[in-house]
Amino acid sequence: MKKYICINCGYIYDPEAGDPMGEIPPGTAFEDLPDSWVCPLCYTTKDNFDPID
Amino acid sequence: MKASIASLYESVELIQPIKPLIIGERCNANGSKRFREALLEDDYDTCLTIAREQEAVGAHVIDVCTAYAGRDEMKDMETLIPTYSSSLKVPLMIDSTTPAVIERSLQLYPGRCIVNSINLEDGGVNIYKVLKLVKKYGAAVVALTIDEKGMAMTAPEKISVAKRIYKIAVDELGLRPQDILFDPLTFTIGAGDENLRDAAIQTMDAIKGIKEELPGVLTMLGLSNISFGLSPASRKILNAVFLHEALEHGLDSCIIDAAKMMPLASISEEDREYCYDLLYDRVKDPEKSPLLRFIEHFSTAVESKNDGEDEKWKPIEAQLYDKVVTGNRDDLEDILDMLLQRRSPIGIINDILVPGMRHVGELFGKGEILLPFVLQSAETMKASVRYLEPLMEKSDESDRLKILLATVQGDVHDIGKNLVDIILSNNGYKVYNIGIKVPAETIIQKAKEYDVDIVGLSGLLVKSAMVMSESMSQYEEAGLKVPIFLGGAALTRKFVAESCVPGYTPPVVYNQDAFDALKKVRDFEVGELKATTWEAPSDAKVVKPGVKDASIIRTNPVPEAPFLGDRIITDIDLEEVLALINKQALFRGRWGYRRGKMTGEEYQDLIRTRVEPLYEDFRRQFLKEGLIDAKAAYGYFACESRENHLVMSHNGKEYDYDFPRQAEAPFLCLSDYYKSAEEGGDVAGLFVVTIGEEVSKRTAELYAADEYHDYLMLHAFSVEVTDALAEYWHRRMRQELGISVNEPENIHGYVTQQYQGSRYGFGYPSCPDISAHGLVFDMLKPERIGITLTENYEMVPEQSTSALVAHHPQAKYFAV
């Protein structure tokens, strides 16, 4: 699964780790995050994430 | 002895029985996009295909140039030359100015090739190095008529430089005359430059002169330069006629796109006459230059043959359209002058420029181009409009839609509003941009005075969102009847729908970004604009991001502050600050170089070839030109928490900070990270840092000059430098507190707070109330380093930032 980076603050969403602060369990693909999910650091929305590889 | 060159498979005479010797120009990283892209992807197969295609359409020699920023020219030559020499029938021309690369290429090439090129630009240093190699390996060589003064413009100058080179090559170093191909250079006669009207004549005379005065030598031309700036179809014709004329003057070879060569016989007598008039600068109409006649003739005669093209699109129109789309400002005024002969200024704007910008907006919307390129397009649009405006009738203005833009009271941020201004005004709308910190009363007054159709409000701060919400009733009572557009970092669709829309009768509309605003303006024009609505998404489970840890440890040790009280620091190591810049956020977020539809590899190429060099330029500029004057006012203070309050002591006075508490679990409040009096009290840090006002001045100048691209880039860079300075100073304070044992290893570690404690900016989600700056300024007195507060507690200069520093190990970001 691909990692995604927040273009606003540089936070990296790693699907293997999930996002405990946003109550996202480990193993959740970025594509499967709810639309209401935001960056845990700067609170920007999902569309402000770029894939990294 | 006949002059010839050779590949592994065949020998080729430099003087062809039917001239010219054709040198294929497409394997050039600078001149051919397709070759460059192949090279950048290490796609050497395509590099070979491009060479083979030229061979197939009649090139006698293939020119190879791999010099390109970010590429290893040597390595690329080492890969390509063996491939080319075994796979191509025709010989090569080694196109490089680096002696080491030339030598390596000559060693690798199994036949006799041509080296391209030498000149006297450096007064005669490199030429010796290269010519010795040419002699050693028995190659032929191209010599350009360039000397210390630059490219020779007139025939006598060109001939004189050729003679100097001949003296070195033949008399001093013993090359044979037939080993040298002189390129007397040609300049465009297609761009309308008065000084270049006789450029073709000078070049042809030089060819003749060189052949006469230096017997035995050969001549070569990069032919297509002559027609630069003209439409593609007319270029082909002019190039063909020019080639024919140059051959008549003694030209032996030319470097050209072999696929685009056109036989003279296929060109009508009439077309040829226009070419001769232009080449020989024959004025046949006192009112119109030969160039203008040429352009007019071919604009109606040629491109209409293209199938599928809209009939009304003539080449010059298409050229202007392309310039807007590609953000190219070269020769812009010439093109506009030509268009003005048959269109009104407002017609040019509405029929060509606006559709061009619209197309740019669509491409941006589809993720096919990036923001920096959009801004370059807007610059082209703006430069065109500026040129046309003085020629416009006043009445042309009146039917344009009018939009008022302002940053709301208490907010100094103008980049977002200015981007909206750039996009809207360059899409043909009349924008009244009335600045920052504008009170609602002024907005109402100006909206009425200018009789605008839409009011747009902007603001970055959390406070600004409140200001917008609260002022809705004021606009309602003042009787405004036009839609209000809202935009800014702290706004959400939900907030606008629930807290702004109800207070005002006409539509209140949330704008995500400048292009969203443009879309909404168009909706308004066609009567489809609606107030923003919001429905909770079906998967909505409202989760406040941030730490979830409800039980804050009360027994953590309180570090010892190095001093209690406030201090000023003015000697800050800028290199160390710049090392902390968050490049990911800068490149992707602020500069707009997002990956979009690119592959990972394409994106890396873009970063390497365009973005990193830009970054380095800024870094160097900032260090060199004193654009940053980094200073800090900071201090450590004895403190204690009392419920939602954090009370700090300084100079015998108490300063009471009142922080909000989260309304849902885990019900955090900033004061929780500090111990109460009963728990023994605590220590808090405060800092205010700035990079000074010079960069803000520079940024404002760029905006005023319509240099949109550089404006955004510089502003964004300065914002990130300010953030890096805060990061740097926070680290310094952790060191002073002795809590810097586990520090981050890289920028990402800083981003994700892999250190002990946290810092909280006033006006940000954990402590949104910016008026706390009043207390901070009483304690730290940052006026001493040139920072002041506005009446709304914002810091000036803009590139300043503040923070409360907490050492508690559980302290991390959260939002109330």
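**Reading a predicted model, feature by feature**

Mentor: Let's start with one residue: D281(B) has 26% relative accessibility, so it counts as partly exposed. Keep in mind that this model is predicted.

Trainee: Where does D281(B) lie?

Mentor: D281(B) sits in the loop between helix 9 (269–279) and helix 10 (290–301) of chain B.

Trainee: How do I read its phi angle, and what value is it near?

Mentor: Start with the general idea: most residues other than glycine have a negative phi. D281(B) is not glycine, yet its phi is positive, near 50 degrees. You can find another case in chain A: phi of E23(A) is also positive, near 60 degrees. E23(A) belongs to the loop between strand 2 (12–13) and strand 3 (49–52) of chain A. With 44% relative accessibility, E23(A) counts as partly exposed.

Trainee: And peptide bonds? Which residues does a cis bond join?

Mentor: In general, most peptide bonds are trans. Here, A665(B) and P666(B) are joined by a cis bond, with omega about 5 degrees. P666(B) is in the loop between strand 21 (653–658) and strand 22 (682–690) of chain B. The bond from N116(B) to S117(B) is cis too, with omega near 20 degrees, and S117(B) is part of strand 6 (residues 114–118) of chain B.

Trainee: Now helices. At what angle do the axes of helix 24 and helix 25 of chain B cross?

Mentor: A packed pair is described by the angle between the axes and the distance between them. In this pair, helix 24 (residues 694–704) of chain B and helix 25 of chain B have axes that come within 8 Å and cross at roughly 160 degrees. An angle over 145 counts as roughly antiparallel, so that is how helix 24 and helix 25 of chain B run relative to each other. Their crossing is left-handed. Residues making the contact include V695(B) and L702(B) from helix 24 of chain B, and Y711(B) and L714(B) from helix 25 of chain B. By type, the contact residues divide into five nonpolar, three polar and two charged.

Trainee: What about the inside of the protein? Which residues touch the most other members of the largest nonpolar core?

Mentor: That core has 188 residues, and Y84(B), F182(B), W591(B) and W729(B) touch the most other members. Helix 25 (residues 708–737) of chain B gives the largest share, 15 residues. Another core, of 32 residues, lies apart from it; among its members are F762(B) and F814(B).

Trainee: How many helices and strands are in chain B?

Mentor: Chain B has 27 helices and 26 strands, and 55% of its 816 residues are buried.

Notes. Residues are numbered from 1 along each chain as its sequence is written. Chains are lettered from A and ligands numbered from 1 in the order in which they are written. This is a predicted model: local features need pLDDT of at least 70, side-chain atom pairs count only at pLDDT 80 or more; totals for chains, interfaces and linings use all residues. Side-chain values use heavy atoms; hydrogens and water are left out. A nonpolar core is a set of buried Ala, Val, Leu, Ile, Met, Phe, Trp, Tyr and Cys residues joined through side-chain atoms within 4.5 Å. Buried means under 20% relative accessible area, exposed over 50%, partly exposed in between (1.4 Å probe, protein chains only). Helices (H or I, at least four residues) and strands (E, at least two) are DSSP runs, numbered from the N terminus. Axes are lines fitted to C-alpha atoms, for helices over the stretch in contact, and angles run from 0 to 180 degrees between N-to-C directions. Angles under 35 degrees count as roughly parallel, over 145 as roughly antiparallel, 65 to 115 as roughly perpendicular and the rest as oblique. A crossing is left-handed if the near helix is turned anticlockwise from the far one by less than a right angle, and right-handed if clockwise. Contact means heavy atoms within 4.5 Å. Ala, Val, Leu, Ile, Met, Phe, Trp, Tyr, Cys and Pro count as nonpolar, Asp, Glu, Lys and Arg as charged, and the others, Gly among them, as polar.
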